[in-house]
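Visitor: Can we go through this model together? I have a few things to ask.

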Amino acid sequence: MSTPPTRTRWLALGVIATGMLMVILDGSIVTVAMPAIQADLGFSPTDLSWVVNAYLVPFGSLLLLAGRLGDLVGRRRLFLTGIAVFTAASLLAGVATTPGVLIAARFGQGVGSAMSASVSLGILVTLFVEPAERGRAIAVFSFTGAAGASIGSVLGGLLTDSLSWHWIFFINLPIGLAALAVALRVLPADRGLGLGAGADAIGAVLVTAGLVLGIFTVVKVDAYGWTSVRTLGSGALAAALLAGFVVRQATARHPLMPLRIFRSRAVSGANLVQVLMVAALFSFQILVALYLQRVRGYGAAATGLAMLPAATVIGAVSLGVSARLNRRFGERNVLVAGILLLIGMLGWLSRIPVHADYVTDLLPVMLLASGFGLALPALTALGMSGAGDDNAGLASGLFNTTQQLGMALGVAVLSTLAATRTDGLLGGGASEAVALTGGYRLAFTVGAGLLVAALLVTLTALRRPEQLRADPVERHAPAAAAHG
């Protein structure tokens, strides 16, 4: 594929970042609108969780398959299809008048998001091959992931309070249509390797079924508990399906996911760090918003505005300095610095009082969120460091899959711990505010522990940048070696 002109490449990056921003926003924008959705559509407390889960399950489950399909049928084609599916599903969600229609629309949004997000990084790394330029491009892309959730909280609160919850979905329509129009002009055409180069149908069924069942099991832990027969049984079946997928990839003539991608310690280590980091940071993105609303009595718009400083500092760091720091000090060192800031953020939150003062108790937390802006671009660069033209979609899909797995684990583990602690305190006679705060503190403490684990993996499993670049996945292996 020939390299497009500079202006075209940066316009293409704008389209990719816009598509990713919609995906990230859609995962968080609904959180502050949940009470309004429940009151309007008559969701039961149990079924309300499916407003989130119906999006999360297909999104997380299909990323790996969609990433490989992008390599086979063309990443541009899959990206455009995903944006179209997501936009159409957003329209259906906006006009939904029953819980069933909204859940179906959210499932469609998850499918479209998986298709577009899975190949976004793959398109980026093939467009920007010069290291400094690629670093700046990854910084822009990472901003959408690092700040997107905070922006979603702000935007969701403002739209819900000023218009209605329907507009958190309607806002996707002009953005999606504009992204499609620009993408058709600026995204470079790629023919793909062809389905014959890696159409492992058995592997596709195994990995998709395993991920669907695994993510479904995790997100329903809060309803059934970790030790229930249902959780243990479905978890064991999911593990067996995924183990079967690994065996299949080691023996198939045309594997869906060639295991050689894990030869790169940068790729393997970065994906493991991402699972731990994203799981931990769920407690910031979601539980802080819940604390503000349920303990401090903030409304939807006020909650969003309270989170705005976090989005601002994340954007300033990721867009302003992260690329230069990565070039000067190396991605590994910058990742370490970012994780240390995030450990401080959750450590501060682990002591949050019931009657917190915003300036002294919460604003420092929002400023420490700048660690997102350091860690995510560095982690993304490491996770994609072994990707070449023949497997960029696969590496992109894998990186996004581990991100969603981390999110699902964070939802299950931290929300369950918080709820259990809250119930225990309520049973002991504590007030609701005290019990809720105690539950959130426990979740923040465990999240800080997960970040410490991520730091240890970074220090031990990831070598220094100059060594990482000498040990990539083979970038230009012959087709037979790459897919057989």
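Visitor: What does Lys220 touch, leaving out residues up to four places away in sequence?
Guide: Ser49, Trp50 and Asn53. Keep in mind that this is a predicted model.

Visitor: And where is Lys220 found?
Guide: Lys220 lies in the loop between helix H10 (201-219) and helix H11 (221-224).

Visitor: Buried or exposed?
Guide: Lys220 counts as buried, because its relative accessibility is 8% and the cut-off for buried is under 20%.

Visitor: What separation do the C-alpha atoms of Lys220 and Arg230 have?
Guide: They are 9.8 Å apart, with the two residues 10 places apart along the chain.

Visitor: Switching to helices. How do H4 and H5 pack?
Guide: H4 (residues 50-73) and H5 (residues 75-94) pack at an angle of about 150°, and their axes are 8 Å apart. H4 is therefore roughly antiparallel to H5, as angles over 145 degrees count that way.

Visitor: Which residues meet there?
Guide: From H4, Tyr55, Ala66, Leu69, Gly70, Asp71 and Val73; from H5, Arg75, Arg77, Leu78 and Phe86. By class, this contact of H4 with H5 has six nonpolar, one polar and three charged residues.

Visitor: What about H16 and H20, at what angle do they cross?
Guide: Roughly 165°, with the axes of H16 (residues 331-349) and H20 (residues 432-461) coming within 8 Å. That angle makes H16 roughly antiparallel to H20.

Visitor: Left-handed or right-handed crossing?
Guide: The crossing of H16 and H20 is left-handed.

Visitor: Which residues of the two helices are in contact?
Guide: On the H16 side they include Arg332, Leu335, Ile339, Ile343 and Leu346, and on the H20 side they include Arg441, Phe444, Leu451, Leu455 and Leu459. By class, the contact of H16 with H20 has 15 nonpolar, three polar and two charged residues.

Visitor: Which residues of H16 are buried?
Guide: Among them are Glu331, Arg332, Val334, Gly338, Leu342, Met345 and Leu349.

Visitor: How far does H16 reach from its first C-alpha to its last?
Guide: H16 has 19 residues and spans 27 Å, close to the 27 Å expected at 1.5 Å a residue.

Visitor: Now the whole chain. How many helices and strands?
Guide: There are 22 helices and zero strands. Of the 484 residues in the chain, 57% are buried.

Visitor: And of the contacts between residues at least 6 apart in sequence, what share join residues at least 24 apart?
Guide: The share is 86%.

How values were computed. Residues numbered from 1 in each chain as written. Predicted model: local features only at pLDDT ≥ 70, side-chain atom pairs only at ≥ 80, totals over all residues. Heavy atoms only, no water. Axes fitted to C-alpha atoms, helices over the stretch in contact; angles between N-to-C directions. Helix = DSSP H or I, 4+ residues; strand = E, 2+ residues; numbered from the N terminus. Parallel < 35°, antiparallel > 145°, perpendicular 65-115°, else oblique. Left-handed = near helix turned anticlockwise from the far one by under 90°. Contact = heavy atoms within 4.5 Å. Nonpolar A, V, L, I, M, F, W, Y, C, P; charged D, E, K, R; others polar. Expected span 1.5 Å × (residues − 1). Buried < 20%, exposed > 50% of the residue type's maximum accessible area, 1.4 Å probe, protein only.
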